[in-house]
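Here are my notes on this one, roughly in the order I went through it. Have the structure open while you read.

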Amino acid sequence: MAASVVLQNVVKRYGAFDVIRGVDLVIQPGEFVVFVGPSGCGKSTLLRMIAGLEHITGGALVIDGERLNDVPAAKRGIAMVFQSYALYPHMTVYKNLAFGLETAGFKNAEVKERVEQAADILQIRPLLDRKPKQLSGGQRQRVAIGRAIVREPRIFLFDEPLSNLDAELRVQMRLEIANLHHGLGSTMIYVTHDQVEAMTMADKIVVLHAGLVEQVGTPLDLYNNPANRFVAGFIGSPKMNFLNATLRNPTGSAATINVADEAIHLSRPVGGSEGSPLTVGVRPEHLFAGVGGTRLADVRVELVEQLGGETLLYTTMADGQALTISLGGQQNIAPGCVIPVHLDPTRCHIFGEDGRAL
Ligand code: ADP
Ligand code: MG
């Protein structure tokens with residue numbers, strides 16, 4: 001029951017405004033793909049075009065080898081779960097789950113079997129006689145997912161389904177949706193603005209920005225090898241630090257970059273010309289306080305966050321550039337201290353002036 005999805009140069013235009021500016025993408029049968037990006041980048045629009053809820057301005061949507069641009073939503077074999085749940089308030093949970101099947105002409109016995117099966121998967125059987133207003137947010141979201149399951153779609157679409165839940169329930173539902181995917185094996189496309197959801201749930205992440213795909217890859221591909229500064233800054237928490245740097249001896253097999261007053265020897269060449277300006281990116285967890293690696297700078301600690309298992313230092317360098325440092329465990333460091341910061345040069349990401357990784 002798992003389908004492949006191919007997008008070929010898909011465009012969406014509202015008036016003169018291109019919201020989706022040419023997206024190419026291949027999704028394999030059974031993959032869990034997450035579209036992630038900041039609010040307004042076009043995630044919902046792209047999902048709604050796949051669902052058949054928005055007209056596709058240009059390009060092709062191909063599902064299981066068939067062009068579906070002009071096939072109505074109800075005939076695509078796709079079910080969508082919305083952030084708002086969109087349950088019928090006057091119907092019981094059972095009726096909410098059954099309604100779509102009944103209107104599609106399924107026999108009562110088949111409807112009952114599918115509803116009970118979905119209720120078991122989602123552990124909501126005791127709730128079948130309740131109305132939505134008698135349910136918690138998490139239970140309502142389960143019913144909304146159940147309504148998708150009973151249709152036995154070849155593709156599930158989720159549009160920020162967990163945004164209305166509190167933090168603890170979000171973590172729990174994240175696991176449940178991942179389990180649902182393992183159990184059903186269906187193709188699922190999940191939209192979120194939350195990079196943690198993307199990292200924890202996805203087989204494959206698609207990072208969107210201003211209507212374009214910035215990068216496609218596994219969570220660790222994106223973390224380890226971001227293709228550009230946007231992806232580098234979007235994936236990972238706390239965010240990657242970006243510092244001004246200058247390229248030295250680029251022609252050798254190992255380039256050197258100058259950052260603040262230090263020279264950092266990379267173990268690899270960097271394309272570019274002598275003296276050209278660069279940005280070096282270093283994740284907070286790849287900086288350490290004064291032992292090992294290469295010296296980066298002395299920094300002034302402005303703020304300390306003790307998280308128990310981790311200590312975050314918000315610091316500034318002598319030239320005013322900000323640097324966030326994540327240290328393991330609990331550290332006895334107070335605001336106002338000046339500390340030496342070191343790094344592992346193999347963990348440095350180098351970006352050219354156009355933002356692309358070098
Ligand atoms: P996201 O889901 O990533 O937050 P959307 O896909 O909802 O973003 O919207 C992308 C862009 O398209 C936004 O700038 C939004 O204002 C615009 N947009 C969405 N729907 C319409 C519409 N019906 N008419 C005009 N512009 C729209
Ligand atoms: Mg949206």
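1. A definition before anything else: two strands pair if DSSP finds at least two bridges between them. On that basis, β17 (residues 310-317) and β18 pair in the antiparallel sense, over 7 bridges. Within this pairing, leucine 313 sits opposite isoleucine 325 in β18. Do keep in mind throughout that this is a predicted model.

2. Staying with that hairpin: 4 residues lie between the two strands, and glycine 320 has a positive phi near 95 degrees there. As for cover, strand β18 (residues 322-328) is mostly covered, with 5 of its 7 residues buried.

3. Now the overall picture. The protein chain has 8 helices and 20 strands. Its C-alpha trace spans about 75 × 45 × 35 Å along the principal axes. Of the 358 residues, 49% are buried.

4. Next, the six-stranded sheet. In what order do the strands of this open sheet run? Going across, you get β6-β7-β8-β3-β9-β10, with mixed pairing. β6 and β10 (212-217) are the edge strands, each pairing on one side only. From one strand to the next, the twist averages 15 degrees.

5. β3 (residues 32-36) and β9 (residues 204-209) run parallel and are joined by 4 bridges. Here valine 36 faces valine 207 in β9. As a reminder, strands of a sheet pair through backbone hydrogen bonds, either parallel or antiparallel.

6. Helix α1 (residues 43-51) is mostly covered: 7 of its 9 residues are buried. Which ones are the buried residues of α1? They are Lys43, Thr45, Leu46, Leu47, Met49, Ile50 and Ala51, so a lysine is on the list along with the leucines. Just after the helix, glycine 52 has a positive phi of about 95 degrees.

7. On to the largest pocket, which holds about 580 Å³ of space. It is lined by 24 residues, and those closest to its centre are Ala79, Met80, Gly100, Arg147 and Arg151. Two or more lining residues come from each of β6 (78-82), α2 (93-103) and α4 (137-149). Helix α2 gives the most, with 6 residues. By class, the lining has 19 nonpolar, 3 polar and 2 charged residues.

8. The second largest pocket has about 200 Å³ of space. Its lining includes Met1, Arg114, Gln117, Ala118, Ile121, Phe156, Leu184 and Ser186. Which helix supplies the largest share of this lining? That is α3 (residues 108-122), with 4 residues. The lining divides into 8 nonpolar, 2 polar and 2 charged residues.

9. Finally, the cysteines. A search of the whole structure turns up 0 disulfides. Why does cysteine 41 count as buried? Because its relative accessibility is 3%, and the cut-off for buried is under 20%. Cysteine 348 is buried too, at a relative accessible area of 6%.

How values were computed
Residues numbered from 1 in each chain as written. Chains lettered and ligands numbered in written order. Predicted model: local features only at pLDDT ≥ 70, side-chain atom pairs only at ≥ 80, totals over all residues. Heavy atoms only, no water. Disulfide = S-S within 2.5 Å. Buried < 20%, exposed > 50% of the residue type's maximum accessible area, 1.4 Å probe, protein only. 1 Å grid on protein atoms, 1.4 Å probe; cavity = no way out; pocket = protein on both sides within 12 Å on 5 of 7 lines; lining within 4 Å. Points joined across faces, edges and corners; volume = space filled by probe spheres on them. Nonpolar A, V, L, I, M, F, W, Y, C, P; charged D, E, K, R; others polar. Axes fitted to C-alpha atoms, helices over the stretch in contact; angles between N-to-C directions.
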